[in-house]
Amino acid sequence: MKKLVSILTAFVLCATVSFGQNNNTTAKAKQILDQVSKKTKSYSTISLTYSLVHTSPDSKTDKANGKMLMKGSKYQLSILDNVLYCDGKNLWTHMVEEKEVVISTIDNDDSGMMNPAKVLTMYEKGFKYKFIQDRFESNRAIYVIDLYPENIDKSEYSKVRLSIDKDKSQLWRAEYFAKDGNKYTITVNTFKVNEQIPDASFTFDKSKNPGVKVIDER
């Protein structure tokens with residue numbers, strides 16, 4: 001569960017192979033990422049649905065769908081049979097089938113791996129990036145950018161490949177290449193912005209979930 005959540009939050013990460021960064025490809029990648037980040041930060045809220053595909057080293061695949069709500073540093077994220085609520089300070093991890101919710105404190109100094117609100121600014125610290133190509137896929141023009149961790153020893157991933165919708169300046173797909181041979185692909189299916197989302201959406205409401213055991217780890 002924690003591994004899948006870390007993968008989602010991003011929608012970004014990480015080089016088993018090192019490379020000499022070309023100034024032109026690096027500068028172009030940064031320009032595109034800065035533009036996407038600036039536009040994303042301008043939205044008061046974001047509501048999206050996504051699909052997740054996990055491909056194992058033996059080519060077996062697992063698929064899942066989910067949704068995410070974001071409002072500043074607050075978010076609600078569904079993944080498999082779990083729902084995460086974050087009010088910017090506290091995180092509630094609701095394991096629906098187990099009828100348990102774990103409450104923890106958010107570390108504002110983390111790298112963003114567990115925080116979808118930070119996903120599009122992760123490249124600003126701890127990563128190298130490289131523009132790969134322009135291409136046309138699924139009836140859209142996209143930019144392809146690879147991110148590589150500066151400290152590969154501390155990362156689970158060798159690389160993250162981002163596909164950005166060129167016309168909308170929005171992240172469309174992120175492909176995480178794990179060092180153990182697993183691959184996780186997240187694709188945004190719907191993307192809505194500036195809708196009214198009440199703050200109550202970002203906290204777990206025990207009254208609406210009777211019988212759920214609360215484990216407070218703060």
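Reader: Hi! Where is asparagine 194 found?

Author: Asparagine 194 sits in the loop between strand E11 (183-193) and E12. Strands (E, at least two residues) and helices (H or I, at least four) are DSSP runs, numbered from the N terminus. This is a predicted model, where local features need pLDDT of at least 70 and side-chain atom pairs count only at pLDDT 80 or more, while totals for chains, interfaces and linings use all residues. Residues are numbered from 1 along each chain as its sequence is written, and side-chain values use heavy atoms, with hydrogens and water left out.

Reader: Thanks! What is phi of asparagine 194 near?

Author: Phi is near 60 degrees, a positive value in a residue other than glycine. Asparagine 194 counts as partly exposed, at 44% relative accessibility. For these terms, buried means under 20% relative accessible area, exposed over 50%, and partly exposed in between (1.4 Å probe, protein chains only).

Reader: And serine 169, is that buried or exposed?

Author: Serine 169 is buried, with a relative accessible area of 10%. Although not a glycine, serine 169 has a positive phi of about 55 degrees. Its place is in the loop between strand E9 (157-165) and strand E10 (170-178).

Reader: Switching to the sheet: what order do the twelve strands have?

Author: The order is E7-E8-E9-E10-E11-E1-E2-E3-E4-E5-E6-E12, in an open sheet with mixed pairing. Strand E7 (127-137) and strand E12 (213-216) stand at the edges with a single partner strand each, so one side of each is left without a neighbour in the sheet. From one strand to the next, the twist averages 15 degrees. That angle is taken between N-to-C directions, from 0 to 180 degrees, with axes as lines fitted to C-alpha atoms (for helices, over the stretch in contact). As for pairing, two strands pair if DSSP finds at least two bridges between them.

Reader: Nice. Which way do the residues of E5 point?

Author: Asn90, Trp92 and His94 point one way, Leu91, Thr93 and Met95 the other, and all are buried. Strand E5 (residues 90-95) is mostly covered, with six of its six residues buried.

Reader: How many bridges join E5 and strand E6?

Author: E5 and strand E6 (residues 100-105) pair in the antiparallel sense over six bridges, and threonine 93 has valine 102 as its bridge partner in E6. Their hairpin has four residues between the strands, and lysine 99 in the turn has a positive phi of about 55 degrees.

Reader: What about E4 and E5, in which sense do they pair?

Author: Strand E4 (residues 82-86) and E5 are antiparallel, over five bridges. Tyrosine 85 stands opposite tryptophan 92 in E5. In this hairpin, with three residues between the strands, glycine 88 takes a positive phi near 100 degrees.

Reader: Now charges! How many salt bridges does a search of the whole structure find?

Author: The search finds 13, counting a side-chain nitrogen of Lys or Arg within 4 Å of a carboxyl oxygen of Asp or Glu. One of them joins the side chains of aspartate 146 and arginine 161 (2.7 Å, N to O). That pair links distant parts of the chain, with aspartate 146 in strand E8 (residues 140-149) and arginine 161 in strand E9, 15 residues apart. Aspartate 146 counts as buried at 2% relative accessibility.

Reader: And which residue forms a salt bridge with arginine 218?

Author: Aspartate 216 does, the closest N and O atoms being 2.6 Å apart. Arginine 218 counts as exposed at 52% relative accessibility, and aspartate 216 as partly exposed at 43%. Elsewhere, salt bridges that share partners join Arg135, Glu137, Arg173, Glu175 and Lys183 into one network.
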